[in-house]
Amino acid sequence: MNATLTGGKRMAPELNGRKLLLQGNEAMAEGAIAAGCRFFAGYPITPASEISERMSYRLPQVDGTFIQMEDEIASLGAVIGASLAGIKSMTATSGPGFSLMQENLGYACITEVPCVVINVMRGGPSTGLPTSPAQGDVLQARWGTHGDHPVIVLAVSSVSECFSIIVTAFNLSEKYRVPIVVLADEVVAHTRETFTIPAVASIEVVDRIIPNVPPEWYKPYEDNSRGVPPMAPMGEGYRHHVTGLVHDSQGFPTEKPDEIEAFMKRQFRKITNGFFEVQITKKINIDDAEIVVIAYGSVARSARHALAMARAQGIKAGLIQLVTLFPFPKSTVVNVMRQCKAVLVPEMNMGQISREVKRVNTGLTEVFKYNRIDGQPITPLEIFEEIQKICGTGV
Amino acid sequence: MFSGMTGLRHKYLRHHKKFPHVWCPGCGNGIVLGSFIRAIERLGLEKDDIVFASGIGCSGRMPTYVDFNTLHTTHGRALAFATGIKLAKPSLNVIVVMGDGDAAAIGGNHFIHAARRNLDLTAIIINNQIYGMTGGQTSPTTPYGAHSTTSVFSNIEHAFSIAELAVAAGASFVARGTVYHAVQLDKLIEKGISKNGFSVVEVMSNCHVQFGRRNKMADPVTMLKWLKDHAVSKDNGSSMSPDSLEDKFTIGILADVDKPDYIEEYKKIREKAKGC
């Protein structure tokens, strides 16, 4: 933890420890500021605009910078630029803007620049359903930019998670030098809840490791045991080259197969090494569960209520809430699959995470899916009824 | 130890790391790079305080060769990255080099908005009227009637005037030079960098390999002569008849206005926000 970022300046004092009525979008903005984010570039889009709006008046209060760019491509470009200069940076958008960001998301991957991209999912494709919730961008978040690349995708399900998971996103981004996509959906983003902003001292903030060698020894992309090279901010003596071309340990373009393979494999190894802390799940009533719901985002919220309804009927139901969608938390899911009779994956898409669940299910259990793509949230009652149906089939 | 251009080469180029360069013999990019380095030397800027960013194309490779904080970004987006860097660390001198396709086609939107926003960046745009690296396709500055690999029968679109576009979009400083007029180019780039606000220096350049070969100017000397013959000094242009100016372009300083730059303005916003 860097002492300079943990001081009281990180959050305007009047908010520190205060109980506020916040919507998810506003809580994500506050979470970012608490994590040390001091640069935000964005472009207006429903249902994510409140993040830009809050950042536009909160960042100048804490000596940060907000800028409204000409489009989402430029927004992520500016975010990457600010991060290269050593400032924690974020942007936020929804489906159409997220599509535009794919180009520079790949740039952040190959240059290993920490940054956070929030995608408040709405119905798609194209302009789709601007004011309705959906979870249709899950696989785009993983595979949207071209080429093999590592990326970490997190999902939030409540206002309090909007705050805490954004802090986690910044921490993982800084630690692993990787862009983090945070998926919210319209329901989470616009739900208002009371939320107590935690005291600054109670929030763990991780900062990127900077080089401790003299500039002439610095190799910006040199491998080490973690696979994450120290990152020198621009303008502090460590002059080096940053390029979207595949590069050698000095940062210069290379076409040598041995250097290319070592570079690409390190990208994946650094994330694999961190599975223990990158793959975040929340397990509820799992120990004796016969039917396990696997859900994320606002659907996980509904699933919690459905669990209570099922338990009241004597059905042993449990929940795995996926906070990390990618890298897919295979070991957690597989371990639960070994002991339960059926798994239900409700999603506001045609089955993007259920594909992952089925992929890791090697005959361990039965996988059911429940999908809504009509712009309506999935309610607790719907999930409860699906659980009942699965019980009725006699599994 | 070294004098003149040799000294500058040793001081500013990554001569032991990244040479030979990728440019064709006779390419105008080298002349632009030379002018840029001489401008930096004259301004006495520290290498650590300079960020040199580019997009994609032949011009995109330029930062690779110089010993600054260098950044080779995505196609057309260099100004967006530069915006983030400058806002995050205003003490840095952020200079962007782009090509005509880079700045006026795929990056056209970023270009006009950077000019409108008036953040203190310098954009050097090398206009060789063609997509060189990809093999000679029509660019937004390819002249009407010229030939390229995607307008084999002749180009039916009309060219952008990059410098005039920048003036209209509100850039604080706009100049146009050519690689033939290298001494003037040194000064234009120097003025562009020292100007507070968004500065644009358009450099008319030669791509004899991809443009010239298809337009009866297959060697660099012919192309440089073409640049010489078609460039009209801004001071002389006003006294010439419109007919004689028809296929010409003006060189010199086209706009130089003083207005507060984005960072000065944003400081006021911070004060207002803290008063809330």
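**Sheets, helices and the chain contact**

Analyst: This is a predicted model. One open sheet has nine strands in the order 10(A)-2(B)-1(B)-3(B)-4(B)-6(B)-5(B)-8(B)-7(B), and its pairing is mixed.

User: Which strands stand at the edges of that one?

Analyst: Strand 10 (241-243) of chain A and strand 7 (231-233) of chain B. Each has a single partner strand, so one side of each is left without a neighbour in the sheet. On average, neighbouring strands in this sheet are turned by 20 degrees against each other, direction ignored.

User: How many bridges join strand 10 of chain A to strand 2 of chain B?

Analyst: Three, and the two strands run parallel. Strand 2 of chain B covers residues 69-72. A:His241 has B:Thr70 as its bridge partner there.

User: And the rest of the contact, how many residues does it take from each chain?

Analyst: It takes 36 residues from chain A and 36 residues from chain B. On the chain A side, strand 2 (39-42), helix 2 (49-61), strand 3 (65-68), helix 3 (72-84), helix 4 (95-111) and strand 10 each supply at least two residues.

User: Which element gives the most on the chain A side?

Analyst: Helix 3 of chain A, with nine residues. The residues on the chain A side divide into 20 nonpolar, eleven polar and five charged.

User: Back to the sheet. How do strand 1 and strand 3 of chain B run?

Analyst: Parallel, with five bridges between strand 1 (residues 50-54) and strand 3 (residues 93-99) of chain B. B:Ser54 is opposite B:Val97 of strand 3 of chain B. Helix 7 (residues 182-194) of chain B packs on the sheet and touches strand 3, strand 4, strand 5 (173-178) and strand 6 of chain B. The direction of helix 7 of chain B makes about 160 degrees with that of strand 5 of chain B.

User: What does helix 2 of chain B lie across?

Analyst: Strand 1, strand 4 (122-127) and strand 6 (199-204) of chain B. Helix 2 of chain B covers residues 29-43 and runs at about 160 degrees to strand 4 of chain B. It has 15 residues and reaches 21 Å from first C-alpha to last, close to the 21 Å expected at 1.5 Å a residue.

User: Which residues of helix 2 of chain B are buried?

Analyst: Among them are B:Ile31, B:Val32, B:Leu33, B:Phe36 and B:Ile40, and also B:Asn29 and B:Arg38. The buried residues of this helix pack against helix 1 (4-12), strand 1, strand 4, helix 7 and strand 6 of chain B. Just after helix 2 of chain B comes B:Gly44, with a positive phi of about 70 degrees.

User: Switching to chain A. What is the order of the five-stranded sheet?

Analyst: The order is 11-13-12-15-16, in an open sheet with mixed pairing. Strand 11 (281-284) and strand 16 (366-371) of chain A are the edge strands, and each pairs on one side only. Within the sheet, strand 12 (residues 291-295) and strand 15 (residues 342-347) of chain A are parallel over three bridges, and A:Ile291 has A:Ala342 as its bridge partner in strand 15 of chain A.

User: What about helix 10 and helix 13 of chain A, where do they lie?

Analyst: Helix 10 (residues 298-312) of chain A lies across strand 11, strand 12, strand 13 (317-322) and strand 15 of chain A, at about 170 degrees to strand 13. Helix 13 (residues 380-392) of chain A lies across strand 12, strand 13, strand 15 and strand 16 of chain A, at about 150 degrees to strand 15.

Methods. Residues are numbered from 1 along each chain as its sequence is written. Chains are lettered from A and ligands numbered from 1 in the order in which they are written. This is a predicted model: local features need pLDDT of at least 70, side-chain atom pairs count only at pLDDT 80 or more; totals for chains, interfaces and linings use all residues. Two strands pair if DSSP finds at least two bridges between them. Helices (H or I, at least four residues) and strands (E, at least two) are DSSP runs, numbered from the N terminus. Axes are lines fitted to C-alpha atoms, for helices over the stretch in contact, and angles run from 0 to 180 degrees between N-to-C directions. Two residues are in contact if their C-beta atoms, placed from the backbone, lie within 7 Å. The expected span of a helix is 1.5 Å times one less than its number of residues. A residue is buried if 20 or more other C-beta atoms lie within 10 Å of its own, exposed if 12 or fewer, and partly exposed in between; C-beta atoms are placed from the backbone. Ala, Val, Leu, Ile, Met, Phe, Trp, Tyr, Cys and Pro count as nonpolar, Asp, Glu, Lys and Arg as charged, and the others, Gly among them, as polar.
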